[in-house]
Amino acid sequence: MSELKKIKDEFLLKLKEKLSLLEINQIKTDLFGKNGLISSQFKKIGTLDETERKKFASDLNVIKDELQNLINLKISEIEKAKINQKLEQEKIDITLPERPFVRGKIHPVSQTIDQISSIFSEIGFSVEEGPDVENEHNNFTALNTPDNHPARDMHDTFYLDQNKETLLRTHTSPVQIRTMSKDKPPFKIIAPGRTYRSDSDQTHSPMFHQVEGLHIDKDINMGHLKGCLSYFIKEFFEVKKIKMRFRPSHFPFTEPSAEVDIGYEIKDGKIIIGEGNRWLEILGCGMVHPNVLKNVKVDPTKFQGYAFGIGIDRLAMLKYGINDLRAFFDCDYRWLNHFGFDPLDVPTNYRGLSR
Ligand code: DAH
């Protein structure tokens with residue numbers, strides 16, 4: 001048997017066995033490495049005489065191709081098997097239950113703001129926003145509260161510079177100015193947001209929330225204001241009837257001005273809204289002062305309307321039976337877990353605000 005045939009038979013036999021990638025690579029080196037069996041045979045070609053050389057070289061090439069193909073095939077088979085095995089192991093069992101995760105809660109104030117926005121959007125109000133850091137002009141002067149006006153003292157303002165030009169807004173009313181300055185009437189907006197005053201006790205927090213309302217058009221009167229507020233309070237407290245009283249008051253930016261109280265009583269330690277002989281103040285309102293309209297270049301002989309400002313935290317306290325305002329801002333996780341709302345419980349009018 002020629003040497004070539006011997007090599008071929010020996011390795012064909014070896015390659016039939018079950019081999020690892022390592023073993024195949026070893027065979028590859030044994031055959032085709034620098035001093036491998038096949039490589040050495042190629043070196044021999046030059047030493048043969050002409051008659052033998054051609055046939056030997058041709059036989060050697062055939063054997064080399066055959067063994068090489070076989071080795072490549074084996075390698076790709078092993079790699080394929082390896083991938084299949086991996087895929088088999090990495091199979092995802094989609095019948096497994098979801099991993100439990102802790103879901104956060106929506107703060108009662110955020111939920112209340114969403115409810116308020118939902119109620120007013122039903123009757124055509126859009127939602128505007130303004131910055132917490134305001135200038136003195138928008139917060140006071142443009143709202144008909146000039147320098148030295150006594151109403152300024154009542155606001156316990158946090159000023160941010162020595163000249164008292166920038167401040168943390170003391171109410172959401174400056175959003176009235178911002179809205180009317182950038183557009184033309186009519187206006188029908190609410191503006192919920194954070195407000196700040198230097199004050200802190202069980203019913204006051206230095207940061208609190210208000211929602212501003214503004215409706216300016218031709219022929220808007222106090223009847224519209226009353227209708228709008230009584231609709232809002234009924235919707236918010238989810239009651240059919242409400243006892244409401246308008247008490248004359250004073251705000252520089254409205255004329256006439258009023259504060260609104262709602263009737264309530266305490267039954268079995270629980271507060272019942274809309275009945276009884278007790279009164280609770282919940283908002284300030286009035287007809288927008290002509291000076292305010294002039295300050296934003298709206299002609300008060302053609303347009304007029306009403307505005308109101310509601311304390312959001314107080315409404316949330318009433319609705320959810322929370323008796324200390326400070327708890328809203330303590331960030332106590334246990335409190336939030338108790339009073340907070342499910343993130344999927346988005347308030348809408350048609351589905352009911354609270355379920
Ligand atoms: N800005 C007032 C305050 O914080 C509340 C208010 C009263 C707003 C009357 C109004 C309004 O828009 O018309 O005390």
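The chain exposes about 21,000 Å² of surface, of which carbon and sulfur atoms supply 52%; accessible areas come from the Shrake-Rupley method with a 1.4 Å probe, and for residues only the protein chains shown count as cover. The structure is a predicted model, in which local features need pLDDT of at least 70 and side-chain atom pairs count only at pLDDT 80 or more, while totals for chains, interfaces and linings use all residues. Residues are numbered from 1 along each chain as its sequence is written, and side-chain values use heavy atoms, with hydrogens and water left out.

Of the 355 residues in the chain, 41% are buried; buried denotes under 20% relative accessible area, exposed over 50%, and partly exposed in between (1.4 Å probe, protein chains only). Charge was examined for 51 positive and 52 negative groups, and their mean positions lie 5 Å apart. In this count Lys and Arg are positive and Asp and Glu negative, whereas His and the chain ends are not counted. Each charge is placed at NZ of Lys, CZ of Arg, CG of Asp or CD of Glu.

The radius of gyration of the chain is 42 Å, whereas a compact globule of 355 residues would have a value near 20 Å. This radius is taken over C-alpha atoms, and the globule rule is 2.2 Å times the number of residues to the power 0.38. Along the principal axes, the C-alpha atoms fill a box of roughly 125 × 50 × 40 Å. The domain assignment gives domain 1 (3–89) and domain 2 (108–351), with bounds that come from an automatic or database domain assignment. Taken over C-alpha atoms, the centres of domain 1 and domain 2 are separated by 88 Å.

The secondary structure comprises 12 helices and 10 strands. These elements are DSSP runs numbered from the N terminus, with helices (H or I) of at least four residues and strands (E) of at least two. Among contacts between residues at least 6 apart in sequence, 66% join residues at least 24 apart, where contact means heavy atoms within 4.5 Å.

Ile 7 belongs to helix H1 (residues 3–16) and is buried, because its relative accessible area is 7%. When residues up to four places away in sequence are not counted, Ile 7 touches Leu 31, Leu 37, Ile 38 and Gln 41. The C-alpha atoms of Ile 7 and Leu 37 are 7.7 Å apart, although 30 residues separate them along the chain. Ser 39, in helix H3 (residues 37–44), likewise counts as buried, its relative accessibility being 16%. Beyond its neighbours within four places in sequence, Ser 39 is in contact with Leu 31, Phe 32, Gly 33 and Lys 34.

Leu 21 lies in helix H2 (residues 21–32) and is partly exposed, with a relative accessible area of 25%. Its contacts, leaving aside neighbours within four places in sequence, are Ile 75 and Ile 78. A separation of 8.3 Å is found between the C-alpha atoms of Leu 21 and Glu 79, which are 58 residues apart along the chain.

Backbone geometry was considered next. The peptide bond joining Pro 185 and Pro 186 is cis, with omega about 5°. Pro 186 is placed in the loop between helix H8 (174–182) and strand S4 (187–196). A cis peptide bond also runs from Glu 255 to Pro 256, where omega is near -5°. Pro 256 is found in strand S7 (residues 254–267) and counts as partly exposed at 40% relative accessibility. Residues up to four places away in sequence aside, Pro 256 touches Met 222, Cys 285, Gly 286 and Met 287. The C-alpha atoms of Pro 256 and Phe 237, 19 residues apart along the chain, are separated by 27 Å.

Positive phi values were found in two loop residues other than glycine. Asp 219 has phi near 60° and lies in the loop between strand S5 (207–217) and helix H9 (222–237). At 63% relative accessibility, Asp 219 is classed as exposed. For Lys 297, phi is also near 60°, and the residue is placed in the loop between helix H10 (290–295) and strand S10 (304–311). Lys 297 is exposed, with a relative accessibility of 76%.
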